[in-house]
Amino acid sequence: MQNIQAEIIRNDPELDDYSVLELHAPHVAENARPGQFVHIRLNRLQDPLLRRPISIMLAEPHSGTIRLLIKKVGRGTELLCAALEGGTIDLLGPLGNSFPLPPEGKDVLLVGGGVGVAPLIFFADVLQKTPGLRSARGLYGGANENQLAVWTELAGRCEEFYVATEDGSAGEQGLVTDLLAEQLQRGDAQAVYTCGPRPMMAKVAAMCAEASMPCYASLEQWMGCGVGACLGCVVPGTEEAYLRVCRDGPVFPAEKLDWDNVI
Amino acid sequence: MTAPDLSVKIGDLTLKNPVMTASGTFGWGVEYAMLADVSALGALVVKATTLRPRDGNKPPRVVETPAGMLNAIGLQNPGVEEVIKQKLPHLDKFNIPVIVNIAGDSVDDYVAVARRLSETGLVQALEINASCPNCEEGGMLFGLDPASLGGLVSAVRAATALPLITKLSPNVTDIVPLARAAVEAGSDALSLINTLVGIAIDVEKRRPKLGNTTGGLSGPAIRPVAVRMVWQVAAADLGVPLIGMGGIMNATDAMEFILAGANAVAIGTANFVTPDTINKVVTGLGDYCRRHKVCRLQDLVGAARP
């Protein structure tokens, strides 16, 4: 973990509300594991004040670059999406824990929704490149085809890939959890990894618990320090009252979270 | 010119420089060990510690506001016995004074925590948290009324020989009577200010953004208020050192507090934004002294005052 100034190599506005930032950040690229995040300062001014935690979408150790998927949800992410190529970004990272690697053998299921697909892309990339490990099966859901901006990044790294949209404009009409139900019935997967909107992840967690399937969820939360000091980013747990998303997570075994109160 | 003297005395304790951390914003110091030179601090002020473990408030606990943030952590901590076992033994590696912020739901709680911490020999001073805005029972209730604050400080004073700092709440009409009550009850120094109570509302959801509804406002947004309160308490000339805090982001901001009458400063929210702010402020205060040809930083305390 270091505080570094990363050069912005590319800023691709994918669609209206997404951007993919490519940064030169060798320390992060070499050390990052799937699921980890960087904590980004938005500008050198004092407003907006706090850093923004952003999942690492891809890391390329040989080129020293990382890619981040940014969705415009407020003032901070709008500034990031408007960041200029050639400029620098102040970031802390890599931070947090990572998705546990599965043992050799059966497939894993990656269940993503919306911008939550980012850490799953990194995970699928590592699975694909790690000898001895089976590739992943990807399931992705969005409201409509416009939200599927980067699903191709996930699709290209998965052995099988399925899409669902609520309006049926791409893939099957329905929810990503409908796709998961079919996959769980096949009975040949060994674990589920999920990241996306909380209601989606809560449903995924419940379905996995029902099927006695190990499930790992990556969470986001408003954050202060990003390094475990301020206790600002907690979520309710089942064994401990609260868990820090920045330090105990962002990846949690689903059964460690009190999903009824994860809002 | 030789290196300027940045040292300051808090009770019997001499700090090599006046830069401290604000309780709760720097964890136990160890969280920042890879990002900042913690040993360069004048003193490390660690998280609020209570007699029994506290889970803290329900999330969300932090929300950004213009040039600031609201927090409602709720004094989450493992309780004094775990703090003594798990946290304090790791802090001697920094080789700087450790100050523990103490909080409680009753005077007896504060006294018990102060007594336990004093016995360990691992703590060089205590800061009484009489101003946490995020707890129903204790914390701020003691800090709003001079008589109850005086009672609390006297009781803790009787329980410890360590230098005693009282952290004051800004959520009062006049902070001076509270400052005076704390000093008359035996406080060796005053920290000011704690956070200002605020609320932020999510207009789409039509609900408060924080799980606790109210939170404490910190960051650059509150700095002028904090500087004004340091100014007012300094004017009362209570004869104890003042530790100024509230939105200090750099050495220039720290100098505002010192020129207003603070003998020392604490860095809080800035730790989240720039983790090595503490180091930049220490360096910057020395640079300021050199630039202004001042040998002792303490000679500048209150220098903006008429």
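Visitor: Why are H6(B) and H7(B) called roughly parallel to each other?
Guide: Their axes come within 8 Å and cross at roughly 25 degrees. Angles under 35 degrees count as roughly parallel, over 145 as roughly antiparallel, 65 to 115 as roughly perpendicular and the rest as oblique. H6(B) and H7(B) are therefore roughly parallel. The axes are lines fitted to C-alpha atoms, for helices over the stretch in contact, with angles from 0 to 180 degrees between N-to-C directions.

Visitor: How do you know where the helices and chains begin?
Guide: Helices (H or I, at least four residues) and strands (E, at least two) are DSSP runs numbered from the N terminus. Residues count from 1 along each chain as its sequence is written, while chains are lettered from A and ligands numbered from 1 in the order of writing. The model is predicted, so local features need pLDDT of at least 70 and side-chain atom pairs pLDDT 80 or more, whereas totals for chains, interfaces and linings use all residues.

Visitor: Which residues make the contact of H6(B) with H7(B)?
Guide: Arg223(B), Val227(B), Val230(B), Trp231(B) and Ala234(B) of H6(B) meet Asp253(B), Glu256(B), Phe257(B) and Ala260(B) of H7(B). Contact requires C-beta atoms, placed from the backbone, within 7 Å. By class, 6 of these residues are nonpolar, none polar and 3 charged. Nonpolar covers Ala, Val, Leu, Ile, Met, Phe, Trp, Tyr, Cys and Pro, charged covers Asp, Glu, Lys and Arg, and the others, Gly among them, are polar.

Visitor: Which residues touch the most other members of the largest nonpolar core?
Guide: Leu110(A), Leu126(B), Leu190(B), Val230(B), Ile243(B) and Val265(B) do, in a core of 191 residues. Its largest share, 9 residues, comes from helix H3 (residues 117–129) of chain A. A nonpolar core is a set of buried Ala, Val, Leu, Ile, Met, Phe, Trp, Tyr and Cys residues joined through C-beta atoms within 7 Å. Beyond four places in sequence, Leu126(B) touches residues including Ile99(B), Ala114(B), Leu117(B), Thr160(B) and Leu164(B).

Visitor: How many residues does each chain give to the contact?
Guide: Chain A gives 24 and chain B gives 30. The side of chain A that touches chain B has 15 nonpolar, 6 polar and 3 charged residues.

Visitor: Why does Met1(A) count as partly exposed?
Guide: Met1(A) has 19 C-beta neighbours inside 10 Å and therefore counts as partly exposed. Leaving aside neighbours within four places in sequence, Met1(A) contacts Leu92(A), Gly93(A), Pro94(A), Leu95(A) and, from the other chain, Met34(B).

Visitor: What is the peptide bond from Asp47(A) to Pro48(A), cis or trans?
Guide: Cis, with omega near -5 degrees. Pro48(A) sits in the loop between strands E3 (37–41) and E4 (52–60) of chain A. Gly249(A) and Pro250(A) are also joined by a cis bond, with omega about 15 degrees.

Visitor: What sets Asn95(B) apart in its backbone?
Guide: Asn95(B) is not a glycine, yet has a positive phi of about 55 degrees. Most residues other than glycine have a negative phi. With 8 C-beta neighbours inside 10 Å, Asn95(B) counts as exposed. Lys293(B) has a positive phi too, near 50 degrees, and lies in the segment after H9 of chain B.

Conventions:
Contact = placed C-beta atoms within 7 Å. Buried ≥ 20, exposed ≤ 12 C-beta atoms within 10 Å, placed from the backbone.
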